[in-house]
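Visitor: Please show me the model, and then let me ask what stands behind the words used for it.

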Amino acid sequence: MRLFVALPIPRNVAQSIMLIQGGVPGARWQTAEQLHITLRFIGEVDGREATMLDDALAGIRTSAFDLQLHGVGQFGNKQPHTLWAGIRKSDALEHLQRKVDKAIRRVGQPQDAHKFTPHVTVARLRNPESGKMIAWLADHGLFNSPEFRVDAFHLYSSRLTSDGSIYAVEREYPLESSDGKIAD
């Protein structure tokens, strides 16, 4: 199984992202079902490792919090490969990500090679027209989504296809509400 840990994007926030998609030839825009905020990529694991990861992630305790998407950008300077929507600074998000990373490393997974950069992938790029991409970045630089509540994180599996990745929620891990109870 190919696994990663992420936050789901609510439907209304996904719709706000869908409204800014388009206008960049060479872009493969993500569907609403593909939108998420990756907390930690894990990669290929066997059944035993998956069970150990599930147990470690289930032990994470932290409070629910609010997030908002803010701004857009690209990954890949000379060879742009991804357009993304950013996340407004959130200490709670960074705290959760550190807990997830620590739990994953505690069960023997290697440290993530990439620094955590909170974002939602909006499009994958293949030979984009530079001028159109720069115009898209300028046109949507002030993008803001509705604020949304993060009351759980998910363990996802990923299956690569010729049409892109297909994600499935393998397990949901609720966060604590403000009264200290696990969110429903």
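Guide: Lys89 counts as exposed because its relative accessibility is 63%, and exposed means over 50% relative accessible area, buried under 20% and partly exposed in between (1.4 Å probe, protein chains only). This is a predicted model, in which local features need pLDDT of at least 70 and side-chain atom pairs count only at pLDDT 80 or more, while totals for chains, interfaces and linings use all residues. Residues are numbered from 1 along each chain as its sequence is written, and side-chain values use heavy atoms, with hydrogens and water left out.

Visitor: Why is Glu94 called partly exposed?

Guide: Glu94 has a relative accessibility of 28%. Partly exposed covers what lies between the buried and exposed limits, so Glu94 counts as partly exposed.

Visitor: What makes the pairing of Glu94 with Lys89 a salt bridge?

Guide: A salt bridge is a side-chain nitrogen of Lys or Arg within 4 Å of a carboxyl oxygen of Asp or Glu. The closest N and O atoms of Glu94 and Lys89 are 3.2 Å apart, so the pair meets the definition. Lys89 also forms a salt bridge with Asp91, again with the closest N and O atoms 3.2 Å apart. Both Lys89 and Asp91 are exposed. A search of the whole structure finds seven salt bridges.

Visitor: Which residue forms a salt bridge with Arg105, and what separates the two in helix α3?

Guide: The partner of Arg105 is Asp101, with the closest N and O atoms 2.9 Å apart. Arg105 and Asp101 are four residues apart in helix α3, which means a separation of about one helical turn. Asp101 counts as buried because its relative accessibility is 11%, whereas Arg105, with a relative accessible area of 37%, is partly exposed. Salt bridges that share partners join Arg40, Asp101 and Arg105 into one network.

Visitor: Why is Arg40 called buried?

Guide: Arg40 has a relative accessible area of 3%, and the limit for buried is under 20%, so the label applies. Arg40 is found in strand β3; helices (H or I, at least four residues) and strands (E, at least two) are DSSP runs, numbered from the N terminus.

Visitor: What makes the approach of Arg40 to Asp101 a polar contact?

Guide: A polar contact is a pair of N or O atoms within 3.5 Å; within protein, one must be able to donate a hydrogen and the other to accept it, and residues adjacent in sequence count only if both atoms are side-chain atoms. The side chains of Arg40 and Asp101 are joined by such a contact of 2.6 Å. A polar atom of the Arg40 side chain also lies 2.6 Å from the backbone oxygen of Pro110. Contact in the wider sense means heavy atoms within 4.5 Å. Among the residues that Arg40 touches, not counting those up to four places away in sequence, are Phe4, Val100, Ile104 and Gln111.

Visitor: How do you know that the buried residues of α3 are on the same side?

Guide: The buried residues of α3 are Leu93, Leu96, Gln97, Val100, Asp101, Ala103 and Ile104. They cover an arc of only 160° around the axis, so they are on the same side of α3; the arc is that of the directions from the helix axis to the C-beta atoms. The face turned away from the buried side carries the exposed residues Asp91, Lys102 and Arg106.

Visitor: Why is Gln74 called partly exposed?

Guide: Gln74 has a relative accessible area of 22%, so partly exposed is the label. Gln74 is found in strand β5 (residues 69-75). Its side chain reaches the backbone oxygen of Gly76 at 3.2 Å.
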